[in-house]
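Thanks for coming. Please have the display open.

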Amino acid sequence: MRTGVQAIDGVPVTTRLAMKMEDSLQAFAVRAACFIGELEVPFSEEFDGHDYGATHVIAYIGDEPIGTVRVRWFKSFAMCERLAVMQRFRGHNVGSLLLERCRKLAESRGCNMLYTQVLPSDTGYWQKQGWRRLVPEEMSRAGHKPIVAMVKQVDPSKPLPEVEAPESVVLRREPTLDSSGMPVGAVTN
Amino acid sequence: MAVQTTTDRMSNRPVVTIKLASTSDELLQCYALRAAVFMGEQQCPYWEEFDGNDYSASHLMLYVDGEPAASMRVRWFQGFAKLERAIILKRYRSLGLFVPFVEWARDFAAKKGYPKAYLHGQKRLWEIFERQGFRKVNDAPFHFSDHEYGAFAADLDVPEDAPSVFTDPMVLNRPEDQLDRAGILEKSMERGASNPHAEWADRRHH
């Protein structure tokens with residue numbers, strides 16, 4: 001299913017879920033362009049082992065993939081992460097379109113909370129999208145990066161459930177989620 | 001030749017490794033690097049970067065201390081190998097990797113038996129390619145994906161033992177960047193030939 005809401009230069013922007021290898025490759029290419037190319041994140045940090053247990057949402061203008069977000073599913077919440085929009089398509093609310101698609105997806109699965117971890121400098125953007133800090137003014141660290149945990153209700157009429165999402169657990173590689181070591185990226189090299 | 005390592009373990013010099021991408025992980029690394037440089041830095045559209053030729057090509061990966069740092073695509077034409085989509089991630093650009101990477105690719109093509117390497121060189125790199133023995137094939141520049149190019153070719157020294165139809169069949173079965181080393185199929189020879197389809201062929205004939 002493709003959903004069309006807005007347009008850039010008259011071309012509709014649509015979102016859909018990755019279903020085929022080529023779709024995932026498009027999601028990975030957008031993330032590589034933004035995180036590795038623009039922000040110089042190392043490959044091994046960007047592709048952290050969570051990509052094959054996650055749902056990838058992709059935004060298109062025509063056939064061109066221009067944005068993506070990854071959703072990981074936990075028992076009591078859905079975690080949106082790796083939100084990326086190609087530089088030249090920013091400022092057109094593609095990010096909020098992607099996050100709205102995540103919200104609807106979570107809703108359809110009976111999940112009532114979206115959770116994310118953002119850099120302190122990005123909290124303003126997420127607040128504008130209707131997210132709020134999980135714990136006011138609290139900040140923790142993922143490796144060398146400070147992060148802020150933020151949440152959003154899927155259905156505003158329902159109370160937010162109690163969440164247990166210690167950062168060290170959600171950042172760990174899925175196959176080692178139950179291990180007791182430090183999470184990925186915790187050791188600066 | 002499979003793994004070219006400039007190792008000096010007593011020093012802090014980074015360990016550089018070059019290999020033919022041979023797993024889907026390595027292929028993803030290659031695509032991610034190209035997306036980072038061409039789409040992220042140079043604003044190339046997705047469908048120009050992933051142009052449909054990736055699944056009929058060989059992909060070379062260069063690692064610095066194990067981290068994917070550079071990649072190159074090689075396509076095989078009659079009589080020449082075309083080197084293309086060569087990129088180095090920004091943070092690794094000061095290490096002088098480009099020339100040895102192209103050398104490795106030329107060597108790889110020569111060992112496969114190709115007498116010529118061919119490439120479309122961006123104008124800013126023409127001098128470097130000329131220093132590496134590439135010559136313009138003609139004076140007609142052309143452009144695509146926002147860059148001006150010239151077509152270059154270099155003659156390669158094909159070794160005498162380069163593959164031919166008379167080469168030991170098991171040598172032709174080896175991983176292409178390790179033609180000088182016994183491959184996994186040679187190990188399979190220890191199992192002998194049980195001809196698992198023999199029964200099926202018998203049925204067909206009766």
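Which residue in β3(A) is the bridge partner of L17(A)? The bridge partner is V57(A).

Some ground rules before I continue. The model is predicted, so local features need pLDDT of at least 70 and side-chain atom pairs count only at pLDDT 80 or more, while totals for chains, interfaces and linings use all residues. Residues are numbered from 1 along each chain as its sequence is written, and chains are lettered from A and ligands numbered from 1 in the order in which they are written.

Helices here are DSSP runs of H or I with at least four residues, strands are runs of E with at least two, and both are numbered from the N terminus. Two strands pair if DSSP finds at least two bridges between them.

Back to chain A. Strand β2(A), residues 11-17, runs antiparallel to β3(A), with five bridges joining the two. On to β4(A), residues 64-73: β3(A) pairs with β4(A) over seven bridges, again in the antiparallel sense. One of the residues involved is Y60(A), whose bridge partner in β4(A) is P65(A). The hairpin of β3(A) and β4(A) has two residues between the strands, and G62(A) there takes a positive phi near 65°.

I call a residue buried if 20 or more other C-beta atoms lie within 10 Å of its own, exposed if 12 or fewer, and partly exposed in between, with C-beta atoms placed from the backbone. Because six of the seven residues of β3(A), residues 55-61, are buried, that strand is largely enclosed by the rest of the structure.

Now α1(A), residues 21-38. Of its 18 residues, 13 are buried, so α1(A) is also largely enclosed by the rest of the structure. The helix bends by about 30° at A32(A), the bend being the angle between axes fitted to the seven residues ending there and the seven starting there. Just after the helix, E40(A) has a positive phi of about 60°.

Chain B has seven helices and eight strands, and 30% of its 206 residues count as buried. Its helix α1(B) has 18 residues and reaches 24 Å from first C-alpha to last, close to the 26 Å expected; the expected span is 1.5 Å times one less than the number of residues. α1(B) bends by about 25° at A35(B). Buried residues in α1(B) include Y31(B), L33(B) and F38(B). Q43(B), which follows α1(B), has a positive phi near 60°.

Next, the contact between the chains. Two residues are in contact if their C-beta atoms, placed from the backbone, lie within 7 Å. The interface takes 19 residues from chain B and 19 residues from chain A. On the chain B side, the largest share, 10 residues, comes from α1(B).

Last, the cores. A nonpolar core is a set of buried Ala, Val, Leu, Ile, Met, Phe, Trp, Tyr and Cys residues joined through C-beta atoms within 7 Å. The largest has 86 residues, and those touching the most other members are A29(A), A78(A), C102(A), A70(B), F101(B) and A105(B). The largest share of this core, 10 residues, comes from α1(A). A second, separate core of five residues includes V118(A), W126(A), V148(A) and M150(A). As for A105(B), leaving aside neighbours within four places in sequence, it is in contact with L60(B), M72(B), V74(B) and L83(B).
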